[in-house]
Amino acid sequence: MRDRAATRALVLGLLALPFGVLAPFAIWSGIHSLRRIRASDGELRGTSSAGAGLIAGLVGLSAFLIGTSYWLLAS
Amino acid sequence: MIGRVLITLLVVVVALISYPGALLVSLATRLTPAPNAPAGREGALPWLHVAHPADGRPYIADDQGRIVMLHGAIPAGLIDFWTGPDQSQPNVPPLYPIDPTEYDGGQCPANSSLSRYPPFCRADVEAMATLGFNSIRLPISWSLLEPARGHFSQTYIARVAQVIEWAKSAQMYVIIDMHQNGYSRYVGPGDDVNLSYLSGAPRWATITDGFPSRVFLGQRELNPAVFEAASNFWYDRAGIQDEYIAAVALIAQRFKDESVVAGYSIFNEPWPGWNLPPGFEDLLLFPFYRRVIDAITGVRDGTPCWSGFFMPAPCGYRDLGVRDQRHLIFLDTGLLREVTDFPTHLGLPVSSYPNLVLALHTYTHEYTFDKLVGQTPDQATYPWGGYDQSYVFADREARAMDAALFVAEVGAPPQWDYLMTANQLTEQDRQRIGFAFWTWKENGGKDSWGIFNPPGSPPESSGCLRAARERLLARVFPKASGDRNLRYSYDPGTGGFALAATGQTGAPATMVYIPPEVRGEVSTGGGVHGSIATNTDGSRVVTALPTGGPFRVSVAPQSLALTGC
């Protein structure tokens with residue numbers, strides 16, 4: 001069975017790339033889903049989606065932080 | 001396994017075309033060496049460029065490295081606003097001739113009340129110079145430049161060139177402004193739509209996809225057809241953005257060797273359409289600016305990409321062969337910044353091309369939140385930082401983008417001049433920023449925004465000069481100074497002026513312009529040798545040559561000799 005949080009993490013992660021404010025939600029969903037999948041002893045699937053969502057969230061957050069930091073430092 | 005690869009690929013592609021990719025390309029422009037401007041012909045006026053001090057905001061400078069203040073107005077006579085008595089006929093040709101021969105020898109077509117604006121003629125340029133203006137922001141319309149796809153109007157380009165020749169005679173710079181308001185008049189008529197407020201794209205580049213043309217809340221941009229047409233432009237639907245870039249390149253090619261042209265304003269008051277800030281600015285607008293810069297200057301900041309349909313943020317543009325690296329490029333902020341008076345995006349670097357100018361439109365209390373909720377300027381509760389707010393943030397935006405700063409539009413209803421215009425001009429002096437005043441002349445009633453009263457009877461192009469505006473706009477100011485950190489202030493109530501600067505012996509002179517309206521005695525002090533020249537129109541120019549250390553130039557208060565009504 002597929003973990004619904006994995007799909008949510010992927011969607012939020014993809015959206016976090018253009019909309020950085022969604023990144024924390026993608027990261028939280030990705031971590032939460034990976035934990036559930038790991039704890040399910042193979043009953044739940046979706047590791048790829050959850051992992052991708054987590055990574056996309058981290059990239060989105062990094063871009064958001066780097067952009068904001070640049071603005072604060074360079075201005 | 002395939003699913004894993006597809007998901008990875010999806011994340012990578014979305015990352016590359018959105019903020020992570022845009023950020024990488026933007027930051028890379030800061031690491032890319034600026035191109036060396038090729039030596040070109042000397043011009044009728046000194047070539048302008050943007051100087052980049054290590055410890056301050058970039059500024060517009062002349063060939064001696066002096067900070068240059070551009071003061072000017074915006075004539076609307078070359079804009080393709082709809083005119084006429086019947087809005088069900090939206091495709092009417094321009095009311096005033098675009099053939100320059102109709103304006104030769106001081107001729108001026110008769111003004112018409114069917115147009116919101118009078119024609120722009122040679123006498124107007126001379127009148128601008130009399131007010132002490134040293135620049136014109138000249139709005140032009142894409143719809144007249146490229147009326148049919150791929151077919152450019154040489155007549156219209158000749159008309160632009162004619163105005164530039166007039167400006168050359170008056171020793172004034174011209175900023176060529178690719179103007180638009182509400183995307184295009186070809187979005188069509190509809191409920192509460194006033195086509196005479198719309199201009200910009202030609203009919204063939206106005207793709208509304210059947211969305212109705214209908215204005216909401218009395219704001220011309222709040223129109224579904226305008227939303228859709230603007231969005232289609234940003235998404236390069238049917239390659240219309242490519243056509244626009246080609247149109248800008250054509251203008252740049254035509255005036256490549258003309259120093260009277262200070263530069264190009266790429267897109268006036270960009271409206272996001274269906275897109276939201278900050279993504280609109282960071283992922284669509286400023287990447288579009290980068291592509292135009294790539295195309296006309298030959299710098300290669302964006303990544304190689306396709307063209308002809310949607311180009312994501314990292315995409316650059318091919319060199320269109322113009323290689324114009326001597327003109328300023330003015331970048332308007334997104335239109336919503338006029339509502340917020342603070343930045344609506346991250347302010348990332350745009351290009352390695354050094355001559356960039358962030359172009360601000362300052363309409364505090366006219367388009368800001370307070371006005372939208374019905375407050376009057378004298379009782380407004382926003383902006384919380386007052387008139388200062390927009391400028392303080394703009395200073396930071398410009399530094400982050402490594403661009404100079406210029407107020408490309410400022411204006412107000414005449415009855416609020418004592419508050420709005422006066423405060424805006426004071427802020428600009430404080431921040432050492434030049435301005436272009438909207439608008440030069442306007443028909444209509446007493447509330448029209450022109451510097452002159454509307455004409456008493458057609459076909460006059462205007463009534464008399466508004467004395468309140470003459471008082472504010474014909475001001476003492478440093479046209480150029482060797483000290484970029486100079487301080488100056490002008491009191492339009494008394495005509496008093498004070499400037500404090502510093503300069504080493506042999507440093508370039510500070511040139512202070514004093515309009516004929518200001519009659520006070522000039523004095524200089526400190527490390528400076530001052531001389532005063534009086535022009536035939538009664539204006540004076542103080543040349544302050546530093547002899548070492550701090551110096552000052554002042555004009556004593558004395559009642560103004562206003563000529564207006």
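Among contacts in chain B between residues at least 6 apart in sequence, 70% join residues at least 24 apart; two residues are in contact if their C-beta atoms, placed from the backbone, lie within 7 Å. For chain A the corresponding share, again for residues at least 6 apart in sequence, is 69%. The model is predicted, so that local features need pLDDT of at least 70 and side-chain atom pairs count only at pLDDT 80 or more, whereas totals for chains, interfaces and linings use all residues. Residues are numbered from 1 along each chain as its sequence is written, and chains are lettered from A and ligands numbered from 1 in the order in which they are written.

The model scores ipTM 0.95 and pTM 0.97. Chain B has a mean pLDDT of 96, with 100% of its residues at 70 or more; pLDDT is the predictor's confidence in each residue, from 0 to 100.

Chain B contains 13 helices and 17 strands. Helices (H or I, at least four residues) and strands (E, at least two) are DSSP runs, numbered from the N terminus. Along the principal axes, the C-alpha atoms of chain B fill a box of roughly 80 × 55 × 50 Å. A compact globule of 565 residues would have a radius of gyration near 24 Å, and the 23 Å of chain B agrees with this. The radius of gyration is taken over C-alpha atoms, and the globule rule is 2.2 Å times the number of residues to the power 0.38. Of the 565 residues in chain B, 55% are buried. A residue is buried if 20 or more other C-beta atoms lie within 10 Å of its own, exposed if 12 or fewer, and partly exposed in between, with C-beta atoms placed from the backbone.

Chain B is divided into domain 1 (2–473) and domain 2 (476–565), with bounds that come from an automatic or database domain assignment. The C-alpha centres of these two domains of chain B lie 31 Å apart. Where they meet, 25 residues of domain 1 of chain B are in contact with 22 residues of domain 2 of chain B. On the domain 1 side, strand 3 (67–68), helix 12 (417–431) and helix 13 (467–473) of chain B each supply at least two residues, and helix 13 of chain B gives the most, with four residues. By class, this side of domain 1 of chain B has eleven nonpolar, eight polar and six charged residues. Ala, Val, Leu, Ile, Met, Phe, Trp, Tyr, Cys and Pro count as nonpolar, Asp, Glu, Lys and Arg as charged, and the others, Gly among them, as polar.

The largest nonpolar core has 185 residues, and I60(B), V174(B), F330(B), L331(B), V357(B) and F406(B) have the most contacts inside it. Such a core is a set of buried Ala, Val, Leu, Ile, Met, Phe, Trp, Tyr and Cys residues joined through C-beta atoms within 7 Å. Helix 8 (residues 279–297) of chain B provides the largest share of this core, eleven residues. Both domain 1 (2–473) and domain 2 (476–565) of chain B give residues to this core, so it lies between them.

Helix 6 (residues 224–234) of chain B has ten of its eleven residues buried, so it is largely enclosed by the rest of the structure. The buried residues of helix 6 of chain B pack against helix 7 (240–254) and helix 8 of chain B.

Several backbone details stand out in the loops. Most residues other than glycine have a negative phi, and most peptide bonds are trans. A238(B), which is not a glycine, has a positive phi of about 55° and lies in the loop between helix 6 and helix 7 of chain B. The peptide bond from Y382(B) to P383(B) is cis, with omega near -5°, and P383(B) is found in the loop between helix 10 (369–372) and helix 11 (388–401) of chain B. P458(B) and P459(B) are also joined by a cis peptide bond, with omega about 10°.

Chain A has three helices and zero strands, and its C-alpha atoms fill a box of roughly 50 × 15 × 15 Å, taken along the principal axes. The contact between the chains takes 22 residues from chain A and 21 residues from chain B. Helix 3 of chain A gives the most to the side of chain A that touches chain B, with 14 residues. By class, that side of chain A has 14 nonpolar, eight polar and no charged residues.
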